[in-house]
Amino acid sequence: MIFKGKFHFDKKYHPGECEVDKDNHIYLTINESDINGYKEKIIGNASNESLILYSCRLIGNGIGYYKYQVSHMVKNSINVKYRNVDFNKHIQDFRFTFEPLDEWLGFKTIEKDEKGIKFHLPNDIILYNNDGLNITIKFFKKDSGLYENTINNIEVTPYICVSSSKVMDIEKIMTYIQLITRFFAILMGYSGKVKNVLFHKMYNGKSIMGDFEDELIINADFTNCYDIRAGYPTFNLRTYFKDLSDDISSMFNKWFHLYFDKKYKEAIIFYFSPYNAHTIESDLLTVMKCLEKISIAEESKSEKQRKNRTFNKVLNDFYKKHKGELEKELKNNNFKKEYIKNIEKIHEDIANAIVYKYDNRITLSKRIKDIDQKLILKKNFNFKHCTRKNENYSIYDYLANTRNYYTHLDNGEYIIKDEYISGYCRKLEKLFVNKLLNFIITDKKYIEERIRIDGYLRLYDDRDM
């Protein structure tokens, strides 16, 4: 594979080409006669690819060229460091792990009785096996001396193993990692960093590297936890495998289809990657947007269309009833004859415009209220939490006003005070998490109990926020 283009270093652009040979060694040839030798990093735009080359060691030069051997390369904005592999041709399986997967699974691999120590690996856990894609939890034992004083559960590490009948590019690998870690984040309450990804180099479905595993370091952040909330990972996990083991495959299948459903995917992605601004106001905007999108996704399109047709009919019936008065009024005001001649077309356009503009829209406050079946947001609500009291306003109206204020700088007269936003953010998150859990878990009483005792979600339940 050869990338031809321009490479930037020493404050200049230089023509050249980057080659990944059949053994997957990386070389860079710069077509220049007089440049400096060693380069720590070279950035290039070549063959419609954005490249970053690291630890470029000069290995040869001559008339009009300098040749470097490159330690590793980052391709495009995905920031993937790689060695010894051509990703576009070979990856068909990979595995990774993260915290607190082992804690959530809760398996014991060492047992001790009067006969001595017994060691066993847990059975594989199949999460998904459809359309040439297999996702399984497998357990790997470290190579170490099996002495009584060193054996413990940490000798076994659970890995998420992904195998595909098709070659996977970097974007596909990242998508699967996000899909999987977010599934467990909903069940656990959070998921930690994915530090590296191990894979076998494959060609035509066969490993060409034996048992050797290469390492892929993806600089993207796969952490699904709210790092601006001090102490969050110290709470107990939201659920545990022992309670869900019989349904885990069914749950993951539901999650898989939910995650790739365009109606829901955006809300899920917004929820798991929202906290970049590190402000409580941005948290509020994010979680309310997630709930709004869930509400829109669950709307009945047929019911909406029926209401729109009824709305249009009311407008047209009103026009027919008052058509004569309208034509007379136009004549009295000396409008041109073509206005009167085309009055029906004009009215049709007006009616369609009105229906399109209002479209029987549901207000944000009503959407949140409809989701809040358990009246979670109303619990502990007090007008002192708001900038100004209005008996005609509910907590849902105040939250909608607050969202509009921080989004559009609307009137800030009837909104939630800054010091109380954190508490309402947590309650809104509780609504959203409850929605996602209900999509994948059939036992509603179990969900209700786990959310009730969830340390993170109930942090403000028993206090005046």
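This is a predicted model: local features need pLDDT of at least 70, side-chain atom pairs count only at pLDDT 80 or more; totals for chains, interfaces and linings use all residues.
Local features need pLDDT of at least 70 and side-chain atom pairs count only at pLDDT 80 or more, while totals for chains, interfaces and linings use all residues. Residues are numbered from 1 along each chain as its sequence is written, and side-chain values use heavy atoms, with hydrogens and water left out.

**View 1. Strand S13 and its antiparallel partners, S8 and S12.** Helices (H or I, at least four residues) and strands (E, at least two) are DSSP runs, numbered from the N terminus. Two strands pair if DSSP finds at least two bridges between them. S12 (residues 133–141) and S13 share nine bridges. Lysine 141 has valine 156 of S13 as its bridge partner. S8 (residues 91–96) is joined to S13 by four bridges. Here arginine 95 is partnered by cysteine 161 of S13. S13 spans residues 156–164 and is mostly covered, with eight of its nine residues buried. Buried means under 20% relative accessible area, exposed over 50%, and partly exposed in between (1.4 Å probe, protein chains only).

**View 2. Helices H5 and H6 cross at roughly 100°.** H5 covers residues 248–259 and H6 residues 262–272; their axes come within 8 Å. Axes are lines fitted to C-alpha atoms, for helices over the stretch in contact, and angles run from 0 to 180 degrees between N-to-C directions. H5 is therefore roughly perpendicular to H6. H5 contributes Trp255, Leu258 and Tyr259 to the contact, and H6 contributes Tyr264, Lys265, Ile268, Ile269 and Phe272. Contact means heavy atoms within 4.5 Å.

**View 3. Phenylalanine 96 and phenylalanine 98 form a stacked pair.** The whole structure holds 25 aromatic pairs. Rings of Phe, Tyr and Trp (its six-membered ring) pair if their centres lie within 6.5 Å; planes under 30 degrees apart count as stacked, over 60 as edge-to-face and the rest as tilted. In this pair the centres are 6.2 Å apart, with 25° between the planes. Phenylalanine 96 is buried at 0% relative accessibility. Phenylalanine 98 is buried too, at 3%.

**View 4. Phenylalanine 107 meets phenylalanine 139 edge-to-face.** Their ring centres lie 5.4 Å apart and the planes stand at 90°. The pair links distant parts of the chain, 32 residues apart. Phenylalanine 107 sits in the loop between helix H2 (101–105) and strand S9 (110–113), phenylalanine 139 in strand S12. Phenylalanine 107 is partly exposed at 32% relative accessibility, whereas phenylalanine 139 is buried at 10%.

Terms used. Angles under 35 degrees count as roughly parallel, over 145 as roughly antiparallel, 65 to 115 as roughly perpendicular and the rest as oblique.
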